[in-house]
Amino acid sequence: MGRGSRNYEEKLITPEQAVELIEEGWRRADLHVHTTCSFDVLPVRDLHPESLYEKALKMGMDYVTFTDHDTIEAYEILGWNREKLIPGVEISVYDPEFAGHSLHINIFELDREEFFELMEIAEIEHDLRSFIKYLRRHKLPFIYNHPFWFEFHSVPNPSSVPRLAKLFPVLEYNMHELKQKNELTIALAENLGKGIAATTDTHTGRIGKVYTLAKGDNFNEFFKNVTQGKSYIVPEDLTRELLIDEMNTWIDLIFEKSQKNRDIEGYLTGIKSLDTMVKISRSTLLSSFPGLNRTTMNLFYMISNTGLPASVYIHSAENLAKDIERQIEIEKQN
């Protein structure tokens, strides 16, 4: 196995292969993690920044970062100078003219002032190129998250992704994307000479289930090696089995671990099925009758374990991935 080869097929390694590199001093990090500070994460103790920080340290993560949606609240809670903690955020930038759709960008090693200035560019100027210029001027590490993901109800514009990807040093291999989409990202990174980072993008506490490996005595060195292709990823793609497991985790969080936290009453993800479960779990009837609450929870588990909801979602996602591939091929021919 070539160390840090630009052969992108060699970059995808197993956990067993990763052990060898870790023993040689390679560092690991999951660069896309959400906490309760994100609007679409359940307000339960297991997903609190402190809980996830301690979990990451116990797992042996060398660099720990939390990239909540458009907020740095996790660092106000934890403090900005904790051991192995790297300040991070995921900012959504909607640029209707240059990009044509919203992009999610992870930024690292920023401070409060930089965060607020970036949010101003994103929310007021809606200018992706100005946003990227700011990142480069301030020498902030950044990643193009799930390049072939498009917001629900938006019109997918995959032909623009290669053009946009040129602006980024690293592209994301996202655990919650289908293999077809992640393969497109790998091919794009190889074609453009970009770095690849494998992330969980977890909203349920599964930090470190996949991760990126590179050398680096500090985060800047680590990230520089990722940008230069001197890195490996331990990846996983979205499958029916993974999605069933993820749905069961959501059910556990909603019905079991959120019972002591009444803040869930105002919680909304925007994901219809999850929001429906939250509303049902918070109903007065279920709160008054614990036995009925358990029965309802078991019913959701039963439905989830049939695999039908997961299969429907995967089928829909596969069709979208095929449409994206076709559009990219058409664009190449033109």
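Helix α5 passes helix α6 in a right-handed crossing. The model is a predicted one. The points below are grouped by topic.

**Helix packing**

- Two packed helices are described by the angle between their axes and the distance between the axes.
- For α5 (residues 112-125) and α6 (residues 128-137), the axes come within 9 Å and cross at roughly 165°.
- Angles over 145 degrees count as roughly antiparallel, and α5 and α6 are therefore roughly antiparallel to each other.

**Positive phi angles**

- Most residues other than glycine have a negative phi.
- His126, which is not a glycine, has a positive phi of about 50°.
- His126 sits in the loop between α5 and α6, and its relative accessibility of 32% makes it partly exposed.
- Lys84 also has a positive phi, near 65°, and is a residue other than glycine.
- The loop between α4 (73-78) and β3 (88-95) holds Lys84, which is partly exposed with a relative accessible area of 34%.

**Salt bridges**

- The whole structure contains 10 salt bridges.
- One of them joins Arg112 and Glu76, with the closest N and O atoms 2.8 Å apart.
- Because Arg112 lies in helix α5 and Glu76 in helix α4, this pair ties together parts that are 36 residues apart in sequence.
- Arg112 is partly exposed, with a relative accessible area of 41%, and Glu76 is partly exposed with a relative accessible area of 41%.
- Arg206 forms a salt bridge with Glu246, where the closest N and O atoms are 3.8 Å apart.
- Arg206 lies in the loop between β7 (195-199) and β8 (211-214) and Glu246 in helix α10 (residues 240-257), so the pair links parts that are 40 residues apart in sequence.
- Both Arg206 and Glu246 are buried.
- Glu241 forms a salt bridge with Arg240, and their closest N and O atoms are 3.9 Å apart.
- Glu241 counts as exposed at 53% relative accessibility, whereas Arg240 is partly exposed at 34%.

**Surface patch**

- A nonpolar patch on the surface is formed by Leu299, Met302 and Ile303, which together have about 280 Å² of accessible area.
- Met302 belongs to helix α13 (residues 290-305).
- With 52% relative accessibility, Met302 counts as exposed, because the cut-off for exposed is over 50%.

Note on methods. Residues are numbered from 1 along each chain as its sequence is written. This is a predicted model: local features need pLDDT of at least 70, side-chain atom pairs count only at pLDDT 80 or more; totals for chains, interfaces and linings use all residues. Side-chain values use heavy atoms; hydrogens and water are left out. Patches are made of residues with over 30% relative accessible area and no salt bridge: like charges are joined within 9 Å, nonpolar side chains (Val, Leu, Ile, Met, Phe, Trp, Tyr) within 5 Å. Accessible areas come from the Shrake-Rupley method with a 1.4 Å probe; for residues, only the protein chains shown count as cover. A salt bridge is a side-chain nitrogen of Lys or Arg within 4 Å of a carboxyl oxygen of Asp or Glu. Helices (H or I, at least four residues) and strands (E, at least two) are DSSP runs, numbered from the N terminus. Buried means under 20% relative accessible area, exposed over 50%, partly exposed in between (1.4 Å probe, protein chains only). Axes are lines fitted to C-alpha atoms, for helices over the stretch in contact, and angles run from 0 to 180 degrees between N-to-C directions. Angles under 35 degrees count as roughly parallel, over 145 as roughly antiparallel, 65 to 115 as roughly perpendicular and the rest as oblique. A crossing is left-handed if the near helix is turned anticlockwise from the far one by less than a right angle, and right-handed if clockwise.
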